[in-house]
Amino acid sequence: MLYLASIVVAIVNFFLGYGEMTAQAEAQMAANGLDMANAGTFLIGSFVVGMAISIGLWALISRLRIELVKWILILFFLWGLVSLPTMLQGDFSLMMVLTIVTYILQGVAIYFLFRPDAKAWFAEKRGS
């Protein structure tokens, strides 16, 4: 449930910060000589793919009980943590707070995947 909550917070964060993120993407694309008209489309596409991956990982872990997938989830989480300092540069904002909340929720959800009861839960056959 915590992981699903992190997805909801990420969705809220995306919609609240869409304008700011689009402006930043357009500025970066202009600096690299790329067509700025595609910035919004790129952001939406990236967001949709990211959400699909997140929901897919959640389903594989929570519904199908595939323990190997928790390690893939951890890799994505750590990859995000590496970029966190860059995301937190600049003025303190609601987007920044929501980003931190998202990472906290994900981190706590991952912690629960390593508790002894989770090991037993993964060992049970689905539907038992």
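Reader: In which helix is the place of Leu16?

Author: Leu16 has its place in helix H1; helices here are DSSP runs (H or I, at least four residues), numbered from the N terminus. This is a predicted model, in which local features need pLDDT of at least 70, side-chain atom pairs count only at pLDDT 80 or more, and totals for chains, interfaces and linings use all residues. Residues are numbered from 1 along each chain as its sequence is written, and side-chain values use heavy atoms, with hydrogens and water left out.

Reader: What makes Leu16 count as buried or exposed?

Author: Its relative accessibility is 55%. Buried means under 20% relative accessible area, exposed over 50%, and partly exposed in between (1.4 Å probe, protein chains only). Leu16 therefore counts as exposed.

Reader: Why does Ser54 count as buried?

Author: Ser54, found in helix H2, has 14% relative accessibility, so Ser54 counts as buried. Leaving aside neighbours within four places in sequence, Ser54 is in contact (heavy atoms within 4.5 Å) with Tyr3 and Ile7.

Reader: Why is the pair of Phe14 and Phe15 called edge-to-face?

Author: Rings of Phe, Tyr and Trp (its six-membered ring) pair if their centres lie within 6.5 Å; planes under 30 degrees apart count as stacked, over 60 as edge-to-face and the rest as tilted. The ring centres of Phe14 and Phe15 are 5.7 Å apart and the planes stand at 75°, so this pair is edge-to-face.

Reader: What makes the pair of Phe14 and Phe47 stacked?

Author: Here the centres are 4.0 Å apart and the planes are at 10°, so Phe14 and Phe47 are stacked. Phe14 lies in helix H1 and Phe47 in helix H2, so the pair ties together parts that are 33 residues apart in sequence. Both Phe14 and Phe47 are buried. Ring pairs link Phe14, Phe15, Tyr18 and Phe47 into a cluster.

Reader: How many residues does the largest nonpolar core have?

Author: It has 18 residues, and among those with the most contacts inside it are Tyr3, Ile61 and Leu73. A nonpolar core is a set of buried Ala, Val, Leu, Ile, Met, Phe, Trp, Tyr and Cys residues joined through side-chain atoms within 4.5 Å. The largest share of this core, 5 residues, comes from H3.

Reader: How do you know that the charged end of Lys70 sits over the ring of Phe114?

Author: The rule asks for NZ of Lys or CZ of Arg within 6 Å of the ring centre and within 35 degrees of the ring normal. The charged end of Lys70 is 4.1 Å from the centre of the Phe114 ring and sits over it.

Key: Helix = DSSP H or I, 4+ residues; strand = E, 2+ residues; numbered from the N terminus.
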